[in-house]
Amino acid sequence: MYNSGIGTPYWFEWEIGILECLNMLQDTSIESVILQSTDFQALDDVVVNYSDKSILNIQVKHTDEDANFTYSFLASGKKPLLNELALEWKNNKDNYNFKGIQIVTNKKWGPQETDGKCSMDDFISKVFPCLQDNYNYTSAKPNEQKAIEWYRENLEINLDSNEAACFTKIFSFRKESCLADVEEKIRVKIGEILGTDNSDAIDFCLNSLLSKLNIWATSRREKQEITRENVYGALCYTEPDVPSYELCPEKPILPSRQRFGETFIDDIKKNSNHIIFLEGLPGCGKTNFISYLSQMNESIVDFRFYTYLPVNKVDGSYSDDEGFYLGNILWRSILVQLKKKFEENNLFNVI
């Protein structure tokens with residue numbers, strides 16, 4: 001049985017990317033997120049772009065097996081992982097402001113001592129933080145010192161000691177568990193952002209985000225950067241069952257109506273009242289007048305809701321029973337129009 005193309009590792013790294021996209025909605029310092037960046041080779045899985053022009057590169061190492069993260073995994077083979085990351089950082093450090101380089105994995109930190117070196121678990125949790133603070137740190141424990149020497153020896157294959165110290169300061173390890181747990185983290189974040197624990201709403205948003213991956217992480221995308229607007233757009237239901245209000249005013253527009261419109265707008269702009277009623281007999285043109293106002297340049301009309309669609313010369317008449325009476329239709333309609341207004345004015349970035 002063939003497993004090629006099954007895609008689980010990709011889903012893992014893509015969902016790590018979704019986590020960063022949701023972080024962007026809670027962290028205003030994040031400007032955009034890229035999945036599978038074309039600017040890098042070894043540092044391409046997830047790139048987080050910050051407003052200060054710094055970047056965080058996340059490289060995801062996923063396994064479907066019960067495997068450990070070991071010294072050999074980090075620095076062996078034809079293309080040792082540590083050397084690849086360090087070399088790409090070196091080649092690009094003059095062109096990019098690297099905020100951090102992070103390995104994310106669901107592998108367990110190796111619990112066993114290896115060739116006189118302390119366990120990978122101890123190295124990552126105890127020894128490596130000391131190296132980040134002081135690259136010249138030495139340990140009194142022989143097995144920890146052996147691990148330190150191993151790390152420096154491998155890192156300095158491509159870097160000098162000063163470069164190795166700089167790289168170590170921004171280098172980090174992060175452990176996630178299984179794909180299901182990452183997905184649960186996504187669900188929790190969605191709930192925090194929406195302010196709800198409603199499972200149906202969270203499921204809808206999760207599936208919507210996952211459906212965007214076939215564009216955000218593939219050659220189908222028009223641009224690499226996933227922005228706040230893109231994520232908000234994915235979280236919102238874009239085709240609710242609400243009435244459409246692209247109603248064109250009946251033509252010709254009489255000069256008297258144009259003059260009345262100018263006076264009406266001028267009075268509203270000068271008025272401090274929050275509610276203004278426009279009244280008139282049925283069929284006198286109230287709805288048609290609002291449609292006219294909404295299509296003017298720099299219109300004062302942002303949102304509309306019609307309980308009844310207006311009578312017009314094409315459709316004739318409507319019965320008294322036809323209309324949109326329910327309160328949830330009103331609020332869904334206003335929310336959809338509000339969302340479009342945010343998108344048109346690029347307001348998501350200032351929330």
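Let's start at F303, which is partly exposed with a relative accessible area of 34% (buried means under 20% relative accessible area, exposed over 50%, and partly exposed in between, with a 1.4 Å probe and protein chains only). F303 sits in the loop between helix 11 (286-294) and helix 12 (327-344). Together with L335 and L338, F303 makes a nonpolar surface patch of about 260 Å². Patches are made of residues with over 30% relative accessible area and no salt bridge, where like charges are joined within 9 Å and nonpolar side chains (Val, Leu, Ile, Met, Phe, Trp, Tyr) within 5 Å. Accessible areas come from the Shrake-Rupley method with a 1.4 Å probe, and for residues only the protein chains shown count as cover.

Keep in mind that this is a predicted model, in which local features need pLDDT of at least 70, side-chain atom pairs count only at pLDDT 80 or more, and totals for chains, interfaces and linings use all residues. Residues are numbered from 1 along each chain as its sequence is written, and side-chain values use heavy atoms, with hydrogens and water left out. The mean pLDDT (the predictor's confidence in each residue, from 0 to 100) is 85 for the chain, and 84% of its residues reach 70 or more. Over residues 1-7, though, pLDDT stays under 50, and the model has zero contacts beyond four places in sequence for them (contact means heavy atoms within 4.5 Å).

Now for the overall build. The chain has 12 helices and seven strands; helices (H or I, at least four residues) and strands (E, at least two) are DSSP runs, numbered from the N terminus. Of the 351 residues, 41% are buried.

Head inside and you'll find the largest nonpolar core, with 39 residues. Such a core is a set of buried Ala, Val, Leu, Ile, Met, Phe, Trp, Tyr and Cys residues joined through side-chain atoms within 4.5 Å. Those with the most contacts inside this core include L74, F123 and Y151. Among the elements giving two or more residues to the core are helix 3 (81-92), helix 5 (142-155) and strand 7 (171-175). Helix 4 gives the most, with six residues. Look at Y151 and, leaving aside residues up to four places away in sequence, you'll see it touch L82, F123, F128, L131, Y135, F167, T168 and F171. A second, separate core of 35 residues includes L213, W216, A234 and L235.

Those last two, A234 and L235, are among the buried residues of helix 9. Seven of the eight residues of this helix (residues 228-235) are buried, so the rest of the structure largely encloses it.

Next come the charges. Side chains of opposite charge can pair when their charged atoms come close. The structure holds 10 salt bridges, each a side-chain nitrogen of Lys or Arg within 4 Å of a carboxyl oxygen of Asp or Glu. One of them joins E20 and R174 (3.4 Å, N to O), linking helix 1 (residues 8-26) to strand 7 across 154 residues. E20 is buried at 7% relative accessible area, and R174 is buried too, at 18%. K185 and E176 also pair up (2.8 Å, N to O); K185 is partly exposed at 41%, while E176 is buried at 8%. E20, R174, E176 and K185 are linked in a network of salt bridges.

Another pair is K90 with E163 (3.7 Å, N to O). K90 is in helix 3 and E163 in helix 6, so their bridge ties together parts 73 residues apart in sequence.
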